[in-house]
Each structure stands twice: as C-alpha cells, then as structure tokens.
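Me: I would like to learn how to read the features of a protein model, one after another. Could you take me through them slowly?

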Amino acid sequence: MIDFRSEIEKEKENFINDLATLVSYPSVQDDSTAKENQPFGKANRDVLDAMLSIGQRDGFATAEVDGYAGHIDIGEGEETFGVLGHLDVVPVNDIGWDSNPFVMKRENEILYGRGVVDDKGALLAGYYACKIINKLDLDTRMKMRVIFGCNEELGSKCVKHYFTKMPFPKMGFTPDASFPVVYGEKAMATVNITGSIAKKGLISMFAGKRANIVPEEVIAIVEGSYKNYLKSFNDFLEKNHLDGTCEEEGNHTRLILKGKSAHASLPHEGKNAVSYLALYLVNEIDNELIKLIADNMSDYHGVGLKIAHNGLMGDLTMNLGVIGYKNDQVSLTLDIRASHEIDFAKMSSQIQSVISPYQLQSETATTPGLYVDPQSELITKLHQAYQEVTQTNDQPQTMGGGTYAKSMPNCVAFGVEFDGYDYKIHGNNENIPVDHLMLATEIYCKAIYSLIK
Ligand SMILES: [Zn+2]
C-alpha cells in the first residue's frame, strides 16, 4: 500500500508556508487597478504570479492566460486530469476579525485568514497531492494539471476565458465545496430589481456588497427623531437576538442593524440584516419598499415571492444580498438557487408580477445546474478515496453553491470542507485546522491516483 500519509507529513511545513504566502495577497477583485493582463486588479494578478512561482520553484512547467487563470503541469501523459481552484477571495468586513485576515495566523494548529479554506488552502491541498503522486514516481497514464483562476467569486470569467485558449482536461474536480463529493449543483439566478419608490419615511438604506453573501449589516436613515424609534427598535433587537444601534442623524435617525453573514446557498445559517430591518420598519413607517421586502422577500425559500420550489436537489433558496436606496432610487439583488429542473423563465415572470405594482423592473441572469451520474467512474472513485481515508459512510450529495465544476465537462466539486466543522467560509475569522488540510491532501492523493493509474 502506498504511504501517502508520511509524504504529506514531510511536506506539511512547506504547505503551510505556501499558504501563508498566498493569503498575504488581498486578492479581492479590484476593478480600479484592472488593466491588460491584469483583468481583475493588481492583487489578483500578483497572487496568480505567486502561485505560478510555487510551481516553478518545484520544477514544474507553468502557463497563464492573459492574467485570467494559470496552470501548473505535473507528470506525463497524453490525457490530463484537472484540479481547478481559485485564488480570488470575497471581501472582508472592517470589523469582526480577531486578526489581520491577510496575515495568516497559526494558533493551536488552526490556520486563520481570508482564503485559508476558500480556496487557497483547498487549491494547495490539490497541488500538494499532485506533487506527492509525482514525487513517488507512481505508474500513471495521465498528466495532472492544477488550474487556478482569479474571478471565481464574481462569475468565473477567469476559467471561461482560460478554456477558450486551453483544452479541457479529460476529467477533474474542484476542491471548492464539501466532502464526500458533490454530484449535483443547483441552478442559479441573479435577479436585479431597479426603479423608483417614493421616500415616505425612509431616506436611505444600504447593505451588502455581493449577492452571494447574506448581508450582515444594514444602515438606514429614517425620518423623525430617534426618540420615536429607540424603544421599539431595542425591543425588536432583543426579541430577535440581534445587535444594532439607533442614533440621532441631523433631524433624522440612523438605524444600524447587525445580523449574521453566511453563504447565499445556505441562507438559514445566517441572519439577513435587511429582512430583519424591513420586518421592524414595516410597523413604524409607511414606505412601499419596506413593505415589499417585509411582505415578499423576508423569507429564504421564496415563499413571499410565490416562487418556492422543491426538486431533486431540495428546496429553492433565496438571498436578498444587496440593497441600495437613496433619492427614491432602488436597487436590489436577489441570489436564487434551485434544483436543475426549475423553469427560471416562469420564476422570473412571477417575480415581475409581484414587483410590477411597485413600478419596479427586474432583470434575471441564470446559470444552469450541474448533474453528474452518481454511479459514474469519477464519482465512485472520488467517493471511495474519501471513505477509505475517513472510514466513514457519508454519501455523495448535491448542493446550492455553484463552483468551477460547471465550467468544464466531467468535473465535480470534491472537498475541502468536512461535515460538522464551521470554517466560516466568506465570514469573519475564516479558519481551518491543519489536520483537515492534511487529511484532504491524503484524500486527494488517493483519489487522483485511483483515476490516473
Ligand atoms: Zn470558493
């Protein structure tokens, strides 16, 4: 039996050092520094170069495509096995982190920092697995290609562009979700709602940066003295176990409500600050926007919008992720995920029928779902490697998050999260135990080897 474990132990400190290097780049997409060969901003270009340097340092051939994505080739073979990860990260909150998110902290053998899991740590687990398989000089028939993009969090334009210039691997996985293995990903719709709603009580309201995150904080300016709101607001916060403040703002009142962020595919794990504020304000002011949100958008299964759906991959989820309201102008973004057989055209027209009475318009962009036969060689071998290493009987699953798996044929999401641990993906204090990374690397070693031997 091949002893991957002891090879992984030998590489452990190198792995952790490389991860600290990648985490040190604040690779949140920044269009203000975008230019040719740097389409997603400077930090994303720099982290791409850093990953390419890791491959070159280890003696492997590398390539990159116009600053969108790059790869490291390991081993030999006509056909290619792909591991697809991403180097961009979601933004960090200014408050709520216990350490600098871009200086990796190692404490009690837990690593903290933005991207230690999603997806820099996961990508390195895939990379080190390929490196170890190569080092052991095992008999393999496929080359391994570790591919990394810089725009996964904002639409995967990186790998879409990359694959216009580079061939698809024969098969592969993306270490950007959960174990044991994901054979289905829900279809997604992003719905932008815009228009004009008269002020009436509400002067402004802002929350959220990304549709795919449950907004943690909302700030609203409402008409009238803070004394009119103070008691009822504090009562509401207490009743719903929320934090917030109610303060004087000129002649008006500034309300800040704090919920809990979560990934949009798991909205029940968060507390949507916008929904809660609307549910409070609907009893305080007579504003149409507040009424629309409270009545139709404050649940996370689309019940209020009458778009609830239950399919092969479970319930539809909905997240009101971004809101901007000022000078009567409204902009709302919904992130909706549903089983792949949903009829999005019908769903869009239903949403439009709810918002039309408010004189609002919607625009819907959709991404199809993904479904790979759970009995296929790819799924069964990935699953088997997971079972062998963990000695558990967890079964393949489906999920609401979309990954790179959709951008390449014969590709599914495989790890890196283990069930039952809160890695705080996309949240404050994102973290992963060193052990989990090492265990994931071992699973990847076994899985890749079983598919390419
Ligand atoms: Zn990710």
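Predicted model: local features only at pLDDT ≥ 70, side-chain atom pairs only at ≥ 80, totals over all residues.

Me: How is the protein chain divided into domains?

Reply: Domain bounds come from an automatic or database domain assignment. Here domain 1 takes in 4–185 + 370–452, and domain 2 covers 187–367. Contact means heavy atoms within 4.5 Å, and 20 residues from domain 1 and 15 residues from domain 2 take part in it.

Me: How do I read the area that domain 1 and domain 2 bury between them?

Reply: Buried area is the accessible area (1.4 Å probe) that two parts lose on being put together, summed over both. For domain 1 and domain 2 this comes to about 1,400 Å², with 56% of it on carbon and sulfur atoms.

Me: How many residue pairs are in polar contact across the interface of domain 1 and domain 2?

Reply: A polar contact is a pair of N or O atoms within 3.5 Å; within protein, one must be able to donate a hydrogen and the other to accept it, and residues adjacent in sequence count only if both atoms are side-chain atoms. The rule finds two such residue pairs across the interface of domain 1 and domain 2, both at pLDDT 80 or more.

Me: Is Gln29 buried or exposed?

Reply: Buried means under 20% relative accessible area, exposed over 50%, and partly exposed in between (1.4 Å probe, protein chains only). Gln29 counts as buried because its relative accessibility is 18%. Helices (H or I, at least four residues) and strands (E, at least two) are DSSP runs, numbered from the N terminus, and Gln29 is placed in the loop between helix 1 (4–23) and helix 2 (42–57). The side chain of Gln29 makes polar contacts with the side chain of Asp31 (3.0 Å) and with the side chain of Asn151 (2.8 Å).

Me: Where are the cis peptide bonds to look at?

Reply: One joins Asp118 and Asp119, with omega about 5°, and Asp119 is found in the loop between strand 5 (110–112) and helix 3 (120–135). Another runs from Phe179 to Pro180, with omega near 5°.

Methods:
Residues numbered from 1 in each chain as written. Heavy atoms only, no water.
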